Amino acid sequence: MNHRDVPNVTRIVVHGESGPVLLLVHGFPLDGSMWDGQVDAMASRCRVIAPDLRGFGRLGPPPLGEATTMEQMADDLASLLDSLGISEPVVLAGLSMGGYVALAFCRKYPGRLAGLVLCDTRAAADSPETVKARHETARRVLAEGTGPLADGMIPRLFAAGSLDDRPELADAVRRMALRADRRGAAAALLGMARREDHTGLLSHIGCPTLLVVGSEDVITPPEEMRAMRDAIDGARLVEIPDAGHMSPMERPAAFNGAVGAFLAGL
Ligand code: MLT
């Protein structure tokens with residue numbers, strides 16, 4: 001596995017020698033290691049890139065300001081592809097916050113996409129209540145760090161059965177959250193709070209699109225992702241049984257099978 005340092009993003013994993021580029025974008029407050037169950041498994045059919053976004057992971061540059069917008073993160077991904085000399089259209093997969101970034105990328109750089117995989121995410125903007133809660137959470141993260149944030153999130157991130165079967169998943173999330181820069185996590189919260197509503201974009205997505213959701217996802221539930229599927233021309237939705245919000249970590253074989261079939265059809 002090849003780890004590289006590239007400006008504006010942190011840990012980069014580039015794995016695989018041939019096939020389409022699959023750029024995997026992590027959720028909040030995680031990092032590229034959430035895709036460890038995908039990187040090796042997918043490398044026989046594509047070139048996998050799993051960066052840490054600005055403010056996350058171990059080596060990342062600090063956030064640029066008080067808020068890191070989804071557009072800034074999308075710009076960072078475009079710079080990453082430029083730095084790696086990748087000008088061909090890529091398959092972009094984003095989970096939750098990574099999905100918000102993927103939609104921002106799709107709006108700004110549609111010509112750079114060969115395919116889109118939206119995982120456990122939503123197109124809608126935050127409600128006023130959620131915006132208020134995010135500001136409060138950002139204040140707490142700045143004061144207390146990301147540990148209490150992770151402990152509060154973990155029960156909602158996974159299907160109950162996943163944590164019973166594999167308690168190490170909670171430890172992995174805790175470790176990722178603790179690696180995040182507290183200013184980076186707070187800035188991403190404020191960036192998510194001010195993100196655009198991308199519902200209207202869905203009917204204009206021009207590349208093949210796959211949606212994936214855990215059947216027990218309580219954060220971005222299957223009903224919401226079914227509505228997104230219905231709005232995107234030709235899109236397919238795969239619901240992963242016995243998985244919650246972290247479907248790629250919880251059920252990697254089912255997740256990788258769905259993405260592999262999508263890549264084979266491009
Ligand atoms: C994530 O998993 O990235 C977050 O749950 C996204 C969010 O807070 O909206």
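Predicted model: local features only at pLDDT ≥ 70, side-chain atom pairs only at ≥ 80, totals over all residues.
Visitor: Which side chains have an N or O atom 2.5 Å, 2.8 Å or 2.9 Å from an oxygen atom of the ligand?

Guide: For a polar contact, look for a pair of N or O atoms within 3.5 Å. The side chain of Tyr100 has such an atom 2.5 Å from a ligand oxygen. For the side chain of Arg134 the distance is 2.8 Å, and for that of His245 it is 2.9 Å.

Visitor: How much of the ligand does the protein bury?

Guide: Taken alone, the ligand exposes 270 Å², and the protein buries 92% of that.

Visitor: Where does the ligand sit?

Guide: Rolling a probe the size of a water molecule over the atoms shows where empty space is left. In this model the ligand takes up the space of the largest pocket. That pocket holds about 590 Å³ of space.

Visitor: What lines the largest pocket?

Guide: The lining has 25 residues, and those nearest the pocket's centre are Phe28, Arg134, Met153, Leu189 and Ile219. H5 gives the most, with six residues. Sorted by type, the lining has 14 nonpolar, six polar and five charged residues.

Visitor: Which peptide bond is cis, and which residue other than glycine has a positive phi?

Guide: Most residues other than glycine have a negative phi, and most peptide bonds are trans. The bond joining Phe28 and Pro29 is cis, with omega about -5°. Pro29 belongs to the loop between strand S3 (21-25) and helix H1 (36-42). The positive phi is that of Ser96, near 55°. Ser96 is in the loop between strand S5 (90-95) and H3.

Key
Residues numbered from 1 in each chain as written. Heavy atoms only, no water. Polar contact = N/O pair within 3.5 Å; in protein donor to acceptor, adjacent residues only side chain to side chain. Areas by Shrake-Rupley, 256 points an atom, 1.4 Å probe, with all protein chains shown as cover. 1 Å grid on protein atoms, 1.4 Å probe; cavity = no way out; pocket = protein on both sides within 12 Å on 5 of 7 lines; lining within 4 Å. Sits in = over half its atoms within 2 Å of the grid points. Points joined across faces, edges and corners; volume = space filled by probe spheres on them. Helix = DSSP H or I, 4+ residues; strand = E, 2+ residues; numbered from the N terminus. Nonpolar A, V, L, I, M, F, W, Y, C, P; charged D, E, K, R; others polar.
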